[in-house]
Amino acid sequence: PRPPGLPTGGKRHGLLALPWEDVLVPHVLRLLPLRQLLSLRRVSRAFRELVRLYLANMRRFDSAQIAPAIPRAAFLTLLQDNKVLQLLALQSCSDWLTDGELLPVIRQNHHLQHIQLKGCAQLSCQALMAISLSCPNLRRLSLAHCEWVDSLSLRSLADHCKALEAVDLTACRQLKDEAICYLVQKCSRLKSLSLAVNANVGDVAVEETAKCCPELEHLDLTGCLRVKNDSIRVLAEYCPKLRSLKVKHCHNVAESSLSVLRSRGVELDVEPLPQTALVLLQDMAGFAPFINLQI
């Protein structure tokens with residue numbers, strides 16, 4: 001059949017002569033960066049229709065592939081017909097992205113597995129509610145530096161997206177231990193979790209995470225000032241698959257609790273105190289094993 005956009009009686013030449021849906025869309029256009037596809041749209045009406053067909057069927061959309069800051073109009077044009085997205089990364093839209101632009105895309109894409117909203121500060125908790133209700137297959141979600149995330153919207157996420165494997169809640173400062181506990185109780189498949197830069201997160205949340213998420217591999221507690229040694233010991237006991245732990249600026253976490261993880265080969269972002277300094281401290285105070293060894 002004649003491709004859309006080709007004049008009646010017209011003859012296809014060159015690239016356009018190839019089958020669109022069987023060859024060009026799945027095997028050629030998918031190899032081009034989005035920025036080049038936008039340029040291709042301006043060549044002719046036929047190319048514009050070809051690119052439209054590709055955009056309506058693409059599975060991955062990363063705004064960073066277009067420009068450091070994608071224009072709002074371009075975003076609305078690119079995704080208006082797509083209902084099959086699996087990955088949506090919008091960190092380069094953070095300057096202007098609001099619920100008005102995001103919610104229609106979320107509500108028509110029920111196959112999303114990975115959503116990246118890092119730094120999208122102009123959204124509201126309604127965005128997370130919409131994600132919860134529209135994306136039952138969600139596996140990875142980044143809400144880093146989205147301070148609008150509250151406990152109610154996080155509970156909705158936990159109730160509806162139980163297949164989650166990675167969640168980034170860095171600097172989501174409204175969240176407290178209770179909200180984190182609810183999340184890990186419902187989403188026990190978590191392999192990666194960031195609770196960094198949140199002074200409200202303490203031992204209760206970390207211990208519940210350890211007990212509910214035996215598959216946990218990566219945990220970021222950077223700057224969680226209320227986290228102490230006891231919860232790190234629970235983490236070591238309940239998370240045998242842990243591969244990395246970040247505790248920089250957790251001033252109540254000492255080598256006495258980290259040593260077990262270190263001996264297992266877990267990657268830590270703080271170094272142990274040199275042995276010579278440890279001996280000196282022990283001679284001076286007699287309680288070196290309990291000293292906070294972070295610098």
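Start by selecting Glu-217, which sits in the loop between helix 9 and strand 7 (218-220); helices (H or I, at least four residues) and strands (E, at least two) are DSSP runs, numbered from the N terminus. This is a predicted model, where local features need pLDDT of at least 70, side-chain atom pairs count only at pLDDT 80 or more, and totals for chains, interfaces and linings use all residues. Residues are numbered from 1 along each chain as its sequence is written, and side-chain values use heavy atoms, with hydrogens and water left out.

Stay on Glu-217 and show its surroundings. Leaving aside neighbours within four places in sequence, Glu-217 is in contact (heavy atoms within 4.5 Å) with Lys-191, Lys-241, Leu-242, Arg-243 and Ser-244.

You'll see an open sheet of nine, in the order 1-2-3-4-5-6-7-8-9 with parallel pairing; two strands pair if DSSP finds at least two bridges between them. Strand 1 (60-62) and strand 9 (267-268) are the edges: each has a single partner strand, so one side of each has no neighbour in the sheet. Zoom in on strand 5 (residues 166-168), which runs parallel to strand 6 and is joined to it by three bridges. Pick Asp-168, and its bridge partner in strand 6 is Ser-194.

Two loop residues deserve a click. Most residues other than glycine have a negative phi. Val-197, though, has a phi near 55°, and lies in the loop between strand 6 (192-194) and helix 9 (203-212). His-249 has a positive phi too, of about 70°; look for His-249 in the loop between strand 8 (244-246) and helix 11 (255-263).

Now for the largest pocket: an open set of points on a 1 Å grid over the protein atoms alone, where a 1.4 Å probe fits, with protein on both sides within 12 Å along at least five of seven lines; lining residues have an atom within 4 Å of a point. Select Arg-30, Tyr-54, Met-58, Arg-60 and Gln-65, which lie nearest the centre among 15 lining residues. Helix 1 (20-28), helix 3 (45-57), strand 1 and strand 2 (87-89) each give two or more residues to this lining. Strand 1 supplies the largest share, three residues.

Last stop: residues 18-52, listed by UniProt as "domain: F-box" in an unreviewed entry. That span is 69% helix and 0% strand, and its end C-alpha atoms lie 16 Å apart.

Definitions and conventions. UniProt positions are given in the numbering used here, feature names are shortened, and annotations may be inferred rather than shown by experiment.
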